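Before reading on, please take a moment to look over the sequence and the 3D structure.

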Amino acid sequence: MSNILLAVSGSVAIYKACDLASKLTQAGHKARVLMTEHATDLIHPQLFEAVTGEPAFSSEWGHQRKAAMDHIDLAKWGDLLLVAPCSADLIARFAQGLADDLVTTVALALPADKPRFLCPAMNPVMLEAPAVKRNLALLAKDGWRIKPPDIGNMACGDHGQGRLPEPTAIMEWIASAT
Ligand SMILES: Cc1cc2nc3c(=O)[nH]c(=O)nc-3n(C[C@H](O)[C@H](O)[C@H](O)COP(=O)(O)O)c2cc1C
């Protein structure tokens, strides 16, 4: 059983991350959810706390912090980092090595021997954008394991590749890679 850092971003597919967090917990893992600011615009952290029984984190500043330096504590606590769903924006920030919020700072603070998994989720046109492809290639080169999105109907009405895979498929992918 693992300590899983589940990072979520401002993607419509975040609704599936609630089920993923719940299923990880039911499977015996400890899951701590790290949220970007836009993730918290879509879902309240308390929902993740309710399904995981663990604190959810969105900032390490001011009243939202849980310890003196959450990014270090979390990077030490986690056995692996799973980013699902990962927005185009967060992919770009990881690729640039930014540390401008808690999620990106934890990713940088995570020791090199701990695996990083990333599930992009976005509109098919965004997924095909040269900048997104370039950033994903950079992250793969840096050692990130990247799950190609599913093909299907998108929330925006488009059809194509960009859907976040089902939680069970993500869990099987991680299990087979660790
Ligand atoms: C309702 C809604 C759904 C969105 N879904 C996605 C998405 O699935 N993928 C994506 O890359 N961006 C999506 N966006 C745009 C991102 O939220 C936006 O790029 C934001 O800056 C991402 O910030 P974050 O990566 O820090 O969470 C969506 C925006 C809105 C308003």
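## Ligand shell and pockets

In this predicted model, the shell of residues around the ligand divides by class into six nonpolar, six polar and two charged residues. Altogether 14 residues surround the ligand, and the closest of them are G10, S11, T36, S87 and A88. The helix α5 gives four residues to this shell, which is the largest share.

| Residue | Protein atom | Ligand atom | Distance |
|---|---|---|---|
| S11 | side-chain N or O | oxygen | 2.7 Å |
| V12 | polar backbone atom | nitrogen | 3.1 Å |
| R93 | polar side-chain atom | oxygen | 2.8 Å |

On its own the ligand has 640 Å² of accessible area, and the protein covers 64% of that area.

The largest pocket holds about 330 Å³ of space, and its lining is made up of 19 residues, with T36, E37, H38, R93 and D101 lying nearest its centre. Two or more lining residues come from each of α2 (37-42), α5 (88-96) and α6 (102-109), and α2 gives the largest share, three residues. By class, this lining has three nonpolar, 10 polar and six charged residues.

The second largest pocket has a volume of about 280 Å³, and of the 19 residues that line this pocket, S11, V12, A13, M122 and M154 are the closest to its centre. Here the elements that give two or more residues to the lining are α1 (14-26) and β7 (159-163), while the classes in this lining are 11 nonpolar, six polar and two charged residues.

Note on methods
Residues are numbered from 1 along each chain as its sequence is written. This is a predicted model: local features need pLDDT of at least 70, side-chain atom pairs count only at pLDDT 80 or more; totals for chains, interfaces and linings use all residues. Side-chain values use heavy atoms; hydrogens and water are left out. On a 1 Å grid over the protein atoms alone, a cavity is a set of points where a 1.4 Å probe fits but cannot get out, and a pocket is an open set with protein on both sides within 12 Å along at least five of seven lines; lining residues have an atom within 4 Å of a point. Grid points are joined across faces, edges and corners, and a volume is the space filled by probe spheres set on the points. Ala, Val, Leu, Ile, Met, Phe, Trp, Tyr, Cys and Pro count as nonpolar, Asp, Glu, Lys and Arg as charged, and the others, Gly among them, as polar. A residue is near a molecule or strand if one of its heavy atoms lies within 4 Å of it. A polar contact is a pair of N or O atoms within 3.5 Å; within protein, one must be able to donate a hydrogen and the other to accept it, and residues adjacent in sequence count only if both atoms are side-chain atoms. Accessible areas come from the Shrake-Rupley method with a 1.4 Å probe; for residues, only the protein chains shown count as cover.
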